[in-house]
Amino acid sequence: MIPALCLEQLRAPIRQCLVRTCIQSLLFLGLVAAIGLGLNLVFLAAYLVCVCCSLQSSAVQTKHRHPCCITWTAVAAGLVCCAAVGVGFYGNSEANDGVYQLIYSLDNANHTFSGIDVLVSGTTQKMKVDLEQHLARLSEIFATRGDYLQTLKFMQQMAGNIIVQLAGVPVWTEVTEELTELVNQTGYVEYYRWLSYLLLFVLDLVLCLLACLGLAKSSRCLLASVLCCGVVALLLSWTSLAADTAAAVGTGDFCAAPDAFILNITEGQLRTEVTRYYLYCSQSASSPFQQALTIFQRSLTTMHIQVTGLLQFAVPLFPTAEKDLLRIQLLLNSSESSLHQLMAMLDCRGLHKDYLDALTGICYDGLEGLLYLGLFSLLAALTFSTMICMGPGAWKHCATRDRDYDDIDDDPFNPQARRIAAHNPPRGQLRSFCSYSSGLGSQTSLQPPAQTISNAPVSEYMNQALLFGGNPRYENVPLIGRGSPPPTAVC
C-alpha cells in the first residue's frame with residue numbers, strides 16, 4: 001500500500017523511500033495498537049469501579065449468586081485461553097516454517113549467484129592469463145613460421161571474444177552480499193521471535209492455571225498476584241498484536257505485487273530484461289545470455305580445431321611446442337565444462353523455482369502464521385480482560401466465604417471448626433462401668449457412675465443433625481444419654 005505508492009512516485013531514491021515508509025507504517029500501526037490498549041484499560045477501569053460500587057451496595061442480595069457466576073466465568077476464560085494458546089502454537093509454527101522456507105530458497109539462489117561469479121571469473125582468468133602465457137611461449141617457438149603465428153593470433157582473438165561475452169554476464173557479488181546479510185538477520189530475528197512467542201504461550205497457560213487454583217483455594221494472595229501478572233500479560237498481548245499487524249501488513253503489501261516490487265528494487269543494478277527473465281521464466285521468452293553463450297561455445301570450438309591442427313602439423317616440426325599445446329587443449333576442455341555449468345546456472349528455471357518457493361514460504365505460510373498469531377493476541381487480550389474484570393467478584397467471594405465459615409463454628413465440614421475442636425478439651429469424660437479387682441467386688445456390686453454429661457450436647461447435636469441430614473442420629477450420643485442399660489462387664 002504505502003511503500004508501493006511511494007515507489008511508483010519516486011523511482012530514484014528507492015531504498016530511502018522504502019525505509020522511510022516502513023518506519024511510518026510501523027509507527028502508525030503502533031499508534032493504533034496503543035489506542036486500542038488505552039481504550040481497553042479505560043474500559044477495564046470503568047468496569048472495575050462500577051463493580052466495586054455495586055458490590056458495596058448489594059452484597060447481601062448477590063451473596064449466593066456470585067460464586068456460580070465467577071466459576072463459570074473462570075471456566076470460560078480458561079477455555080478461551082487454551083484455545084488462544086492452541087491457535088498461537090499453530091500460527092507460530094506456520095510462521096516459522098514460512099520464514100525458514102524463505103531462508104532456504106534465498107540460500108539456494110545465493111549459491112547459484114556465487115557459482116555464476118566463480119565460473120565467470122575463473123574462465124576469464126584462464127583466457128586472460130593462462131592462455132596468454134601459453135600463446136606467448138608458442139609465439140617464440142613458431143617465430144620462423146608466419147602461418148602458425150597467424151593461427152596463434154586467431155586463437156587470441158577467439159579468447160578475446162570469450163572475455164567480451166563473459167563481461168556481459170551480470171556480476172552478482174553485491175547481490176550475494178546483500179542476500180547473505182538478509183539471510184543471517186532473518187534467521188537471527190526469527191529464532192528469537194519464535195522463542196519469545198513460546199515463552200508467551202507458557203506464561204498465558206501458567207496464569208490461567210494459577211487463576212483457577214486461586215479460585216479453588218480462595219487464596220487472596222494468589223489472586224492478587226495473578227491479577228497483577230494479568231495486567232502485564234494484557235500489555236504483552238497488545239504489543240504482540242501490534243507487531244503481528246505490522247508484519248502482516250508489510251508482508252501483504254509485498255505479496256500483493258512481488259514482481260513489481262523486485263523490479264523497482266533492482267532498477268539500476270540489473271537490466272530489466274534480465275530481471276523479467278528470472279521473474280517470469282516463460283517458455284516463449286529467450287534468454288538474454290543466449291547470444292553470449294553461443295559465441296562462447298563457437299569460439300571454444302574454433303580454438304579446439306586450431307589446437308588440433310597445430311598438434312597434427314606443427315609438433316613434428318617443433319617438438320617443444322607439444323607441451324604448451326596440450327596444456328591449451330586441457331584449458332579449453334576445462335573452459336567447455338565451465339560453459340555447460342554456466343549455461344545450467346544462467347537458465348531461469350532454477351532461480352525461478354527458488355523465487356516461487358520463497359514467495360510460497362513468506363506469502364502463504366508466513367502470512368497465515370502472522371494472522372493466526374494476531375488472532376491469538378486478540379483472544380489472549382480478551383482472556384486477561386475477563387480475568388481482570390472478575391477479580392473484584394472473586395475477591396469478594398473469598399471474603400464472604402471466610403465470613404460464612406466463621407459463622408458456623410460447629411460445622412463438621414468446616415476446617416476452622418475442626419482446628420478449634422482439636423485444641424479445646426471435651427466437655428465431659430465418662431468413667432468406666434467396670435473396675436477390675438483381683439480379691440473384691442462382683443458384677444452385682446457394680447454401681448453406675450454419676451452421670452456428668454448433660455443433655456445439652458445431645459440436643460445440640462440433634463439440632464445440627466436435623467440441619468445437615470434431616471434425621472437425628474445417635475452415633476456420637478453417650479450411651480447413658482440414650483437410656484440404654486450399662487454394658488455387661490467381663491471381669
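Accessible areas here come from the Shrake-Rupley method with a 1.4 Å probe, and for residues only the protein chains shown count as cover. On that basis the protein exposes about 28500 Å², of which carbon and sulfur atoms supply 63%. You are looking at a predicted model, in which local features need pLDDT of at least 70, side-chain atom pairs count only at pLDDT 80 or more, and totals for chains, interfaces and linings use all residues. Residues are numbered from 1 along each chain as its sequence is written, and side-chain values use heavy atoms, with hydrogens and water left out.

**The whole protein**

Start with a cartoon view. Of the 491 residues, 37% are buried (under 20% relative accessible area, 1.4 Å probe, protein chains only; exposed is over 50%, partly exposed in between). Among contacts (heavy atoms within 4.5 Å) with a separation of 6 or more, 80% join residues 24 or more positions apart.

**Stop one: H7 and H8**

Now select residues 258–265, helix H7, and residues 272–280, helix H8: their axes come within 10 Å and cross at roughly 150°. Axes are lines fitted to C-alpha atoms, for helices over the stretch in contact, and angles run from 0 to 180 degrees between N-to-C directions. H7 and H8 are therefore roughly antiparallel to each other (the term for angles over 145 degrees; under 35 is roughly parallel, 65 to 115 roughly perpendicular and the rest oblique). Show side chains next: Asp259, Ile262 and Leu263 of H7 meet Thr272, Thr275, Arg276, Leu279 and Tyr280 of H8. This contact comprises 4 nonpolar, 2 polar and 2 charged residues (nonpolar: Ala, Val, Leu, Ile, Met, Phe, Trp, Tyr, Cys and Pro; charged: Asp, Glu, Lys and Arg; polar: the others, Gly among them).

**Stop two: H8 and H11**

On the H8 side, select Tyr277, Tyr278, Leu279 and Tyr280; on the H11 side, Cys348, Leu351, His352 and Tyr355. Here the residues divide into 7 nonpolar, 1 polar and no charged.

**Last stop: Cys281**

Finally, pick Cys281, in the loop between H8 and helix H9 (290–313). What is its phi, given that Cys281 is not a glycine? Phi is positive, about 50°. Is Cys281 buried or exposed? Cys281 is buried, with a relative accessible area of 16%.

Definitions and conventions. Helix = DSSP H or I, 4+ residues; strand = E, 2+ residues; numbered from the N terminus.
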